[in-house]
Amino acid sequence: MENFRVYALFDTIKSNIRYIGYSSKPLSVRMGQHISMCSFRDSRKNEWLLDAIESERPIGIVELAKFSTSEEALEYEKKMIEVYSKTHSLTNSSTRILGFD
C-alpha cells in the first residue's frame with residue numbers, strides 16, 4: 001500500500017520547482033498546511049509562499065512518487081532535493097536535505 005507521497009511545490013507562472021517534501025496526507029491537505037503555516041517569514045519556503053500569495057501568483061503541487069514506507073519516501077525526497085537543486089532555486093533548508101526537519 002502506497003501511503004507516502006514525495007511532492008514538489010512550484011511556481012505556476014515560471015514553472016519553477018521551489019520545494020520538495022513528503023507526506024502521508026493527500027496533497028490537497030498538505031498544500032493547505034503549507035499555506036496556513038506560512039504566516040511568518042521565518043524560512044525561505046515561507047518567504048516564497050507569502051510573496052506568491054501577496055502577488056496573487058498560484059502555487060502548484062505535483063506528486064513525484066509514492067512509497068509504502070516513510071523511510072523510502074525520505075530517501076527519495078533527499079535524492080530529489082539533490083537532483084532539483086542543481087537546476088531549480090529550491091527553498092528547502094539544509095537540515096531538511098539531511099533529513100532532520
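Let us start with Tyr-76, which is partly exposed at a relative accessible area of 22%. Here buried means under 20% relative accessible area, exposed means over 50%, and partly exposed is in between, using a 1.4 Å probe and protein chains only. Before going on, note that this is a predicted model, in which local features need pLDDT of at least 70 and side-chain atom pairs count only at pLDDT 80 or more, while totals for chains, interfaces and linings use all residues. Residues are numbered from 1 along each chain as its sequence is written, and side-chain values use heavy atoms, with hydrogens and water left out.

Now look at the rings. Rings of Phe, Tyr and Trp (its six-membered ring) pair if their centres lie within 6.5 Å; planes under 30 degrees apart count as stacked, over 60 as edge-to-face and the rest as tilted. By this rule there are two aromatic pairs. Strands (E, at least two residues) and helices (H or I, at least four) are DSSP runs, numbered from the N terminus. Tyr-7 is buried at 1% relative accessibility, and Tyr-19 is buried too, at 8%. Tyr-76 belongs to another tilted pair, with Phe-67, at 5.2 Å centre to centre and 50 degrees between the planes. Phe-67 counts as buried, at 17% relative accessibility.

What lies over the face of Tyr-19? Lys-45 does, at 5.0 Å from the ring centre. A charge sits over a ring if NZ of Lys or CZ of Arg is within 6 Å of the ring centre and within 35 degrees of the ring normal. The side chain of Lys-45 also makes a polar contact (3.2 Å) with the side chain of His-34. A polar contact is a pair of N or O atoms within 3.5 Å; within protein, one must be able to donate a hydrogen and the other to accept it, and residues adjacent in sequence count only if both atoms are side-chain atoms. His-34 is in helix α1 (residues 27–36) and is buried, at 0% relative accessibility. Leaving aside neighbours within four places in sequence, His-34 is in contact (heavy atoms within 4.5 Å) with Tyr-7, Leu-9, Tyr-19, Lys-45 and Leu-49.

Next, find Leu-64 in strand β3 (residues 59–67). Leu-64 is partly exposed, with a relative accessible area of 25%. Apart from neighbours within four places in sequence, its contacts include Tyr-7, Tyr-76 and Met-80.

Met-80 brings us to helix α3, where it is one of the buried residues, together with Ala-73, Glu-77 and Ile-81. These residues are on the same side of α3 because they cover an arc of only 105 degrees around the axis, taken from the directions from the helix axis to the C-beta atoms. An α-helix has 3.6 residues a turn, so residues three or four places apart point the same way. The face of α3 turned away from the buried side carries the exposed residues Glu-71, Lys-79 and Glu-82.

Finally, visit Asp-11 in strand β1, which is buried at 3% relative accessibility. A polar atom of the Asp-11 side chain lies 3.0 Å from the backbone nitrogen of Lys-14.
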